[in-house]
Amino acid sequence: GLVDVPGVGTEFVAHLVAQPTVYIETTIVSYLAARPSSNPIVKGYQEVTHRWWHERAKDFELFTSLLVEREASQGDPQLAAIRMELLKEVSVLGTSPGADELTTLLLHGGAIPAKVPEDAAHIAIAATAGMEFLLTWNCRHLANAELWRRIDEIIRDFGCEPPVICTPTALLGDSSDVV
């Protein structure tokens with residue numbers, strides 16, 4: 001149960017003991033559902049993703065979006081079914097006018113290229129929902145250190161705390177033997 005701390009509301013205490021929140025982006029379920037790759041780098045990403053999902057996901061509160069569900073449902077029907085089954089374990093965030101507005105700001109502010117509005121939307125949905133992490137293998141536009149400063153600035157100017165955008169490797173914790 002919650003500890004009664006004088007002068008501190010139970011909502012605040014509940015937040016202190018809650019699990020960290022993670023927005024699961026489409027590439028995560030795609031790597032989980034995919035057949036093992038012959039490319040050694042991609043195969044390594046798949047293995048790390050499986051390891052995170054089976055060993056660490058339980059340590060986080062997992063969320064996704066309708067956008068991820070839409071993306072995951074496309075392509076090879078057999079793999080899409082596996083991706084959708086994986087997403088059944090994850091809470092779905094709704095869209096909001098704030099997320100739509102932040103998506104536009106990320107696209108027009110030079111943080112995310114206009115040709116990939118879905119990437120900006122993933123960031124905006126996660127940020128406006130207060131997610132602590134956005135988990136992805138999209139290092140071109142999401143987990144990209146060169147774009148991070150502008151993404152961070154736009155999200156903060158909008159009035160939200162930016163999520164940490166990272167790959168599963170970064171969330172393996174102490175169990176990581178990945179360099």
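A salt bridge here is a side-chain nitrogen of Lys or Arg within 4 Å of a carboxyl oxygen of Asp or Glu. In this predicted model, that rule gives a count of seven salt bridges.

Helix α8, which spans residues 145–158, is a handy place to start. D152 and R156 both sit in this helix, four residues apart, or about one turn, and their closest N and O atoms are 3.1 Å apart in a salt bridge. D152 counts as buried because its relative accessibility, 17%, falls under 20%. R156, at 43%, is partly exposed.

Helix α8 also holds R150 and E153, three residues apart and again about one turn of the helix. Their side chains meet in a salt bridge with an N to O distance of 3.1 Å. R150 has a relative accessible area of 32% and is partly exposed; E153 is partly exposed too, at 38%.

Over in helix α3 (residues 40–55), R51 and E55 are four residues apart, so about one helical turn lies between them. Their side chains form a salt bridge at 3.3 Å, N to O, and E55 is partly exposed at 36% relative accessibility.

Then there's the sheet. Five strands make up an open sheet in the order β3-β2-β1-β4-β5, paired in parallel. β3 (91–93) and β5 (164–166) are at the edges with a single partner strand each, so one side of each has no neighbour in the sheet. On average, neighbouring strands are turned by 35° against each other, direction ignored.

How values were computed: Residues numbered from 1 in each chain as written. Predicted model: local features only at pLDDT ≥ 70, side-chain atom pairs only at ≥ 80, totals over all residues. Heavy atoms only, no water. Pairing = 2+ DSSP bridges. Helix = DSSP H or I, 4+ residues; strand = E, 2+ residues; numbered from the N terminus. Axes fitted to C-alpha atoms, helices over the stretch in contact; angles between N-to-C directions. Buried < 20%, exposed > 50% of the residue type's maximum accessible area, 1.4 Å probe, protein only.
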